[in-house]
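Please open the structure in your viewer and keep the selection tool at hand.

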Amino acid sequence: MIRVLSYVVALALLVAGAVWLADHPGTATVQWLGWRVQTTVPVLLGALLAIAAFLTWAFHLLAGLTRMPGRWADDRRDRRRRKGYLALTDGLAAAAAGQLGAARKLADRADKLLADPVLTRYLAVQTARLAGDADAAREHFNAMLERPETAVLGLRGLLDQALAKGDAETAVDLAVRARTISPADSWLADALFTQLVKLGRLHQAQDLVADARRRGAWPAAQANHRRALVLNERAARAAADGDSRSAVTFAKQALAAEPGLTAASLHLATMQAAAGQMRRAATVLEKAWARQPMPELARAYAALAPEDPPLQRARRLEKLAAARPGDAESRLALGEASLNAKLWGQARKHLLAAAELRPSAEPYRLLARLEREEYGNQAAAQAWLDKAAAAPPGPAWQCGACGAKAASWSLSCPNCGAIDGMNWVICPSSEPLRPAAEQGSFPASTAEIAQR
Ligand SMILES: [Zn+2]
C-alpha cells in the first residue's frame, strides 16, 4: 500500500516537473573543445540522464570482467571438493562392501581432490585393513595421532591391533591414553577393564571403575557390578596369600557393591567357616540362597559341618531350603540330603516335586538311585535313567561369549577367556548367547563414522 502510494507520488512529481519544464522551455548553450551546442533545457536534461545511465552500465560491465578469474577459480575448487567428497563416500562404501580395488582407486582420487589427510586418512586405513596390511594401517593410525580431531580414532585403531595380537600391556597403555581424551567412552573403559583384570592389576582396575562411573562411561549399576567383581578377585587373592582378614573385608565390600554376587558369598562363608564363625557363614549362605538357589551354595552349606552324620545334615539343610521353599533347587537339595540320610519317603517326595517343578536330568538320576537303594529295583531305576538321558540339562554357569558351560562361576571363561561372561542359566542352550568374536572398536562402516 505504502509502495503504491509512493509510486503515485513520484509519478505526480515527474508529471508536474515535465509540465513545468514544458511551460518554461528556455534555452541552454554548451561550448566545449571548439564545439558549440544550443538546445532547449528539457533536451539537455534528457541527454545528461542518458549519459549517466550509459556510464553506470559500462562501470558494472568492467567490474564484472575484472572479477571473472577469481570466480572461475572458486567454481573450480567447489567442483573439485564435490568430486573429492563423492570419491570419499564411494570409497568408504566400497571398503565396507569389501571391494579392495575400487576402494584403493577411490582413496587415491579422494586424496588428490581433497588434499586433506584428516578427511582421507580414514578411508586409507580401511583400505589397508581390507588388504590385510597391518603395517600400513599402523602407519595411518600413528599419523592420526598428530591431529587432535583424529587422535582418539588413531588410538582406538592401535588399541584394536594390540588386542588382536594379545599384547595386553600395550593395549593398557593405549587405552589409558585414549581415555585422557575421551573419558566417557564406555567401550574404551570396557577394553581397559578387561585388560587390567587379565593382567591381574586389580588395584588399577578398581580405580578405573570409580573413574568410569564419575566420568559417565558406565551407569551406576554396571560400575557397582564391576567394583564387586574386582573386590571379589582381591578377596580370592588375599585368601590364597593367607591374608584372611583382608579376604573377609574384600568379600564383604564386594557383597555390599552387589549383594547377588554368589562367588563373594562363597568366599566370605569359606573364610568365616575357617575362622570358626559357623553361624555367620551359614547366614551368608542362607542370604545368598534366598537370592538365587544354586548347588554350589548347598555344597558349601553342607561343608560347614563335614563331620555331621547324614541325618543331621539333612535336618540342617532344611534351614537353607526354607529361604526358598518352593524352588526346584531347594527340593532337589533336600531330596539328595534325604536320600543320603536314607529318609526314603522324604527323598521321594522332594525329588518328585523337583522333577515336576523343573524336569531335568538331575532329579531323574537321583530318583533312579532311590529306586536302587530303597527297593533294589533295577528296572525302575533304568526307567528313570532313560528319562534323565532324554531330559534337558539342569541350570549351569554358561559363558555368554562362547556358550561353554561350567559347574562353578569364574571371572574369566575357562574356555574362551572372556571376562565377566559367565551367567547362571536355568535352561542352558548349546548355542552361544552372543557371537564369540568381539567386534573391533574401530568403526567398520560408513554409517558408524557418520555418527561421529
Ligand atoms: Zn567363553
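**First stop: a hairpin**

In this predicted model, select L33, which adopts a positive phi near 55° in the hairpin of strand 1 and strand 2, where two residues lie between the strands. Next, select residues 27-32, which make up strand 1; six bridges connect this strand to strand 2, and the two run antiparallel. Within this pairing, highlight V30 together with V37, its bridge partner in strand 2. Then extend the selection to residues 35-40, the whole of strand 2. How many of its six residues are buried? The count is zero, and strand 2 is hardly covered.

**Second stop: a helix and a distance**

Proceed to P117, whose place is in helix 4, residues 117-130. P117 counts as partly exposed because it has 15 C-beta neighbours inside 10 Å, whereas a buried residue would need 20 or more.

Now select the three strands that form an open sheet with antiparallel pairing, in the order 4-3-5. Strand 4 (405-406) and strand 5 (422-425) stand at the edges with a single partner strand each, so one side of each has no neighbour in the sheet. Finally, select C399 and look across to strand 5, where M422 stands opposite.

Note on methods. Residues numbered from 1 in each chain as written. Predicted model: local features only at pLDDT ≥ 70, side-chain atom pairs only at ≥ 80, totals over all residues. Pairing = 2+ DSSP bridges. Helix = DSSP H or I, 4+ residues; strand = E, 2+ residues; numbered from the N terminus. Buried ≥ 20, exposed ≤ 12 C-beta atoms within 10 Å, placed from the backbone.
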